Amino acid sequence: MELFENANEEELFYQKPLATRMQPQTLDEVQGQKHILGPGKLLRNLIEQDKIHSLIFFGPPGCGKTALANVIARCTEANFVKLNAVIAKTEDLRQVISKAKEQKTLYLKRTILFIDELHRFNKMQQDALLPDVEEGTIILIGSTTQNPFHSVISALVSRSQVFRLEALTTKDILQVLNKALTDEKGLKNFNIKAQKDALEFLAAKANGDARKALNSLEVGVIASSSNNDKKKSQVIFSKQDAESAIQQKAIAYDENEHYDIISAFIKSMRGSDPDATIYWLAKMIYAGEDPAFIARRIVICASEDVGTADSQALVVANAAREAVEFIGMPEARIPLAHAAIYVACAPKSNACYKAIDEALEDVKNNPTQEIPDHLKNASYDGEKKLGIGQDYKYVHDYGGYTKQSYMPEPKNYYKPTNNGIEQRIKEKLDKLRKL
């Protein structure tokens with residue numbers, strides 16, 4: 001093969017994982033990301049003209065962040081240095097920056113520093129990059145699976161162009177797998193006949209992660225071969241082999257994903273979409289989210305977004321919270337689903353939520369109202385002589401309601417809607433207020 005100068009180099013190359021061997025060499029080989037790498041797009045133009053400034057790539061695992069950085073390394077005339085934030089230390093940064101200053105001063109040569117997993121650097125390490133990024137001593141390319149606006153210091157983000165990479169589509173991953181089967185760097189020389197449904201299964205289960213799909217293909221091919229000499233024997237790669245290779249789909253679920261999914265879950269309940277609600281609930285359960293945390297959010301939603309439109313929602317939600325503690329997982333998924341669907345389907349009102357917040361704002365910003373004497377507790381004769389507790393009307397003596405002042409300055413915080421039970425509550429309050 002022309003790729004290698006000697007047999008040892010070839011042998012070492014094929015000892016690397018398939019996903020590593022199949023990394024794209026040019027921009028045209030990068031799958032997906034047309035929104036930033038398509039013809040005429042800003043990032044593509046910057047790379048092709050070798051005029052990139054500091055960049056931050058963020059997106060889910062296996063979408064091509066590191067692969068894109070490696071393509072930039074091949075396209076640029078600048079020195080290209082790689083660090084992984086998981087293992088790199090501040091001293092490593094100092095050495096790179098010192099070398100970059102020397103290259104810039106003596107040879108007018110730029111240095112691009114690629115930091116994989118940038119979010120793994122602590123604040124002090126990220127701060128250490130600032131002066132040299134600011135002065136242009138180094139051009140930073142950072143990659144992260146986490147939202148950089150949360151996981152990277154704002155000063156570094158503001159000095160960089162941020163590009164979001166999307167998870168690859170099933171079609172994208174199918175193209176990656178088919179190329180791996182026909183490319184010399186991949187599995188071309190191993191005489192593999194992959195069944196269409198096997199590749200489709202891998203592409204679907206990879207969840208947008210090309211690395212996972214490629215490595216599963218390689219594992220499956222090895223497992224399905226009964227003959228070690230794969231170059232002479234045809235290897236049939238079936239859907240059953242694919243199922244065995246991928247085992248269980250892994251989904252992205254870092255700290256940012258945790259908040260994003262719970263947000264989608266709550267908004268789906270609030271929006272009365274039980275199907276979306278159940279999907280996001282299933283994703284959280286599958287990813288191993290704390291069921292007690294999910295239950296607490298359902299309880300909150302039951303009061304915040306349903307409230308007195310259907311007070312039973314809070315009863316059901318709280319019962320689910322207790323059931324989670326009582327029976328545990330995996331059975332607790334059922335009462336969680338029960339409560340989530342009930343809340344999603346219940347009539348909606350945030351009248352209680354708005355009432356307490358409006359009242360709190362009033363207490364915080366306005367003079368505090370005094371408690372009327374007739375509402376105060378009169379425990380001693382001396383208090384009664386001062387009029388405390390006097391003239392209070394016990395409503396049950398008046399058939400359940402009588403006109404009486406409960407605040408020196410009447411306020412209207414609770415404004416029931418026309419949804420669910422609140423319609424009846426509104427009609428009753430309107431009638432009472434007219435008396």
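In this predicted model, 5 strands make up an open sheet with the order S2-S3-S4-S1-S5, and the pairing is parallel. The edge positions belong to strand S2 (79-84) and strand S5 (161-164). Each of these has a single partner strand, so one side of each has no neighbour in the sheet. From one strand to the next the twist averages 15 degrees. The general rule is that strands of a sheet pair through backbone hydrogen bonds, in either a parallel or an antiparallel way. For S2 and strand S3 (residues 111-116), the pairing is parallel and extends over 6 bridges. One of the residues involved is Asn79, whose bridge partner in S3 is Thr111.

H5 lies across strand S1 (55-58), S2, S3 and strand S4 (139-144), and runs at about 145 degrees to S1. Asn70 is a residue of this helix, H5, which covers residues 65-75. Is Asn70 buried or exposed? Its relative accessible area is 6%, and the limit for a buried residue is under 20%, so Asn70 is buried. Not counting residues up to four places away in sequence, Asn70 touches Gln23 and Lys82.

Thr90 belongs to another helix, H6, which spans residues 90-107. Thr90 also counts as buried, because its relative accessibility is 18%. With neighbours within four places in sequence left aside, the contacts of Thr90 are Met124 and Gln125.

The next topic is the nonpolar cores. The largest has 28 residues, and those that touch the most other members are Phe265, Met269, Leu281, Ile294, Ile298, Leu336 and Val343. Two or more residues each are given to this core by helix H14 (255-270), helix H15 (274-287), helix H16 (291-306), helix H17 (312-327) and helix H18 (333-345). H16 supplies the largest share, 8 residues.

How many disulfides does a search of the whole structure find? The count is 0. Cys345 is in no disulfide, and the nearest cysteine sulfur, that of Cys301, is 12 Å away. Cys345 is exposed, with a relative accessible area of 53%. For Cys352, the closest cysteine sulfur is again in Cys301, at 13 Å; a disulfide requires sulfur atoms within 2.5 Å, so this is too far for a bond. Cys352 is partly exposed, at a relative accessible area of 30%.

Aromatic pairs are the next item, and the structure holds 3 of them. Tyr279 and Trp280 form an edge-to-face pair, with 5.0 Å from centre to centre and 75 degrees between the planes. These two values are given because a pair of aromatic rings is described by the distance of the centres and the angle of the planes. Trp280 is partly exposed, with a relative accessible area of 24%.

The peptide bond from Met329 to Pro330 is cis, with omega near 10 degrees, and Pro330 lies in the loop between H17 and H18. Asn207 has a positive phi of about 60 degrees although it is not a glycine. This residue, Asn207, sits in the loop between helix H11 (196-205) and helix H12 (210-224), and Asn207 is partly exposed, at 36% relative accessible area. Ser272 likewise is not a glycine and has a positive phi of about 60 degrees. The loop that holds Ser272 is between H14 and H15, and its relative accessibility of 38% makes Ser272 partly exposed.

With a relative accessible area of 46%, Lys188 is partly exposed. Leaving aside neighbours within four places in sequence, Lys188 is in contact with Ala180, Leu181, Thr182 and Asp183. Lys188 and His374 are 186 residues apart along the chain, and their C-alpha atoms are separated by 91 Å.

Key: Residues numbered from 1 in each chain as written. Predicted model: local features only at pLDDT ≥ 70, side-chain atom pairs only at ≥ 80, totals over all residues. Heavy atoms only, no water. Helix = DSSP H or I, 4+ residues; strand = E, 2+ residues; numbered from the N terminus. Buried < 20%, exposed > 50% of the residue type's maximum accessible area, 1.4 Å probe, protein only. Contact = heavy atoms within 4.5 Å. Core = buried A, V, L, I, M, F, W, Y, C linked by side-chain atoms within 4.5 Å. Phe/Tyr/Trp six-rings, centres within 6.5 Å; stacked < 30°, edge-to-face > 60°. Pairing = 2+ DSSP bridges. Axes fitted to C-alpha atoms, helices over the stretch in contact; angles between N-to-C directions.
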